[in-house]
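This briefing is meant to be read beside the sequence and the coordinates.

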Amino acid sequence: MTGSRRSAWGAAGVVLLLLALGALGVAGTMAHRWRAHKRPAAGARGAKKAHFARIDSHTHVSPDGVERALQIMETWGIDGMVNLSGMSPGPPHHGLETQLAAARASGGRIAVFANAGFMKALRMANLGVRADYGNVMAEELALSKQLGAIGLKIPKGLGLGYPTPDGKGVLAVDDPGLDPLFEKAGELGMPVAIHTGDPKAFWLPVDTKNERWDELQAHPEWSFRDQPVPSWEELFASFERRVARHPKTTFIGVHFGNDPEDPDRVAQMLDKYPNLYIDTAARVPEIGRRDAAQMRLFYEKYQDRILFGTDLGVGADQDSMMYGSNGANPPTLEDEARYFTSTWRYFETRDKQFESPTPIQGRWKIDGVGLPEAILRKIYFENAARILKWRPPPGPVMAPHPAADAVPTGSVPLPNRPGGK
Ligand SMILES: [Zn+2]
């Protein structure tokens, strides 16, 4: 952490840019390729028949991606999505206002988490305008709630990229200056979805022995090896201190509690901190390689603390999609089909050694946990609805196409829909 003020801010900018691109898919190549091969009807996609209402509690939908998000919900039997890329309110960009307006166009299918304006608040502290950046962000969060955001998302930039106000280091996840922000989230009843760290392999040498070799080949910039960032263990310890410090704030540790490689440690965290929940976003490949019987015990014990999520990134066209993780090439509709069918298969069947939703995350097969219906209902829908205090409307996601007006009501086939349960 010896870089100059300028370089620390510069480095943070690079990390944040990468995070933004990762979250929203790589923009720029808007080829409208998906229109060439039409999205097949839901029933033809080989999806397991959905018996369940589902909330995807972890997505990143860009403002122009709402229509596509609705198509995906319709196709794969998802009733609502939580967009964690809400951005922050106010000038100059009014990002949250834009995302909330886009979500409203979804007819109540998309709820939005705000992001905190870290860079703006830290820059103000840096310039001596207001040193109390935590209060600045807490005030902003109150405004975000007034505007319609239902939670706060903390990206991995906290701990890995946002600079300290003096620009000399990286702001710690448990930095005391941020306490007012996390306290305010609790006061406002806004859950905090927090991403700390990344797969442990991203800290290891990037060579053929690295189990994330394929992914790191496609995205060399995702490696933290030899980067001026804290160790994985330091990050996790600061995440734990943050959760411990705010018992009245509800935390959702994304990506399986930020430690999918070690479910035992996640279990210890859940035992210790009743204010902690986890989501499953983009980590089915990781948890799917654990012993399925052991994992089933985990789901049974923590059935009220786990939220289904995908980490889906949705833009206007196919090239801007992100299904948990992407390879070097833009993902295809076949990737989408594998992503959802393997995910349902993991939760709903006890099949052995099938392809994971995102094979690029590692060259292994996964085993399904085949959860009982009562637990599936909680993980897919009820837990999210309860802690987010949000329910997407029941019934079909998309209104029938105007051309369907001629078709008698009730005969429009919706084979993959849970029937509004
Ligand atoms: Zn995410």
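What follows is a short account of the sheet, the core and some backbone features.

The model is a predicted one, and it contains 15 helices and 10 strands. Of its 421 residues, 47% count as buried. Among the contacts that link residues at least 6 apart in sequence, 75% join residues at least 24 apart.

**The sheet**

- The sheet is open and has 10 strands, arranged in the order β8-β7-β6-β5-β4-β3-β2-β1-β9-β10, and its pairing is mixed.
- Its edge strands are β8 and β10 (322–323), each of which pairs on one side only.
- Strand β3 (residues 110–115) runs parallel to β4 and is joined to it by three bridges; within this pairing, N115 has K153 of β4 as its bridge partner.
- Strands β4 and β5 also run parallel, and three bridges join them; here L152 has V192 of β5 as its bridge partner, while I154 stands opposite I194 in β5.
- Along strand β4 (residues 151–154), G151 and K153 point one way whereas L152 and I154 point the other way, and all of these residues are buried.

**The nonpolar core**

- The largest nonpolar core has 98 residues, and the members that touch the most other members are A69, L141, L152, V192 and I252.
- Leaving aside neighbours within four places in sequence, V192 is in contact with G151, L152 and I154, with F182 and A185, and with T249, T250, F251 and I252.

- M190 lies in the loop between α7 (179–188) and β5 (192–194).
- M190 and I150 are 40 residues apart in sequence, yet their C-alpha atoms are 5.8 Å apart in space.

**Backbone features in loops**

- A cis peptide bond, with omega about 5°, joins P91 and P92; P92 is found in the loop between β2 (80–83) and α3 (95–104).
- A282 is not a glycine, but its phi is positive, at about 55°; A282 is found in the loop between β7 (276–279) and α12 (284–287).
- A282 counts as buried because 25 other C-beta atoms lie within 10 Å.
- D311, which is likewise a residue other than glycine, has a positive phi near 70°, and its place is in the loop between β8 (306–307) and β9 (312–314).
- Why does D311 count as buried? D311 counts as buried because it has 24 C-beta neighbours inside 10 Å.

Notes:
Residues numbered from 1 in each chain as written. Predicted model: local features only at pLDDT ≥ 70, side-chain atom pairs only at ≥ 80, totals over all residues. Helix = DSSP H or I, 4+ residues; strand = E, 2+ residues; numbered from the N terminus. Core = buried A, V, L, I, M, F, W, Y, C linked by C-beta atoms within 7 Å. Buried ≥ 20, exposed ≤ 12 C-beta atoms within 10 Å, placed from the backbone. Contact = placed C-beta atoms within 7 Å. Pairing = 2+ DSSP bridges.
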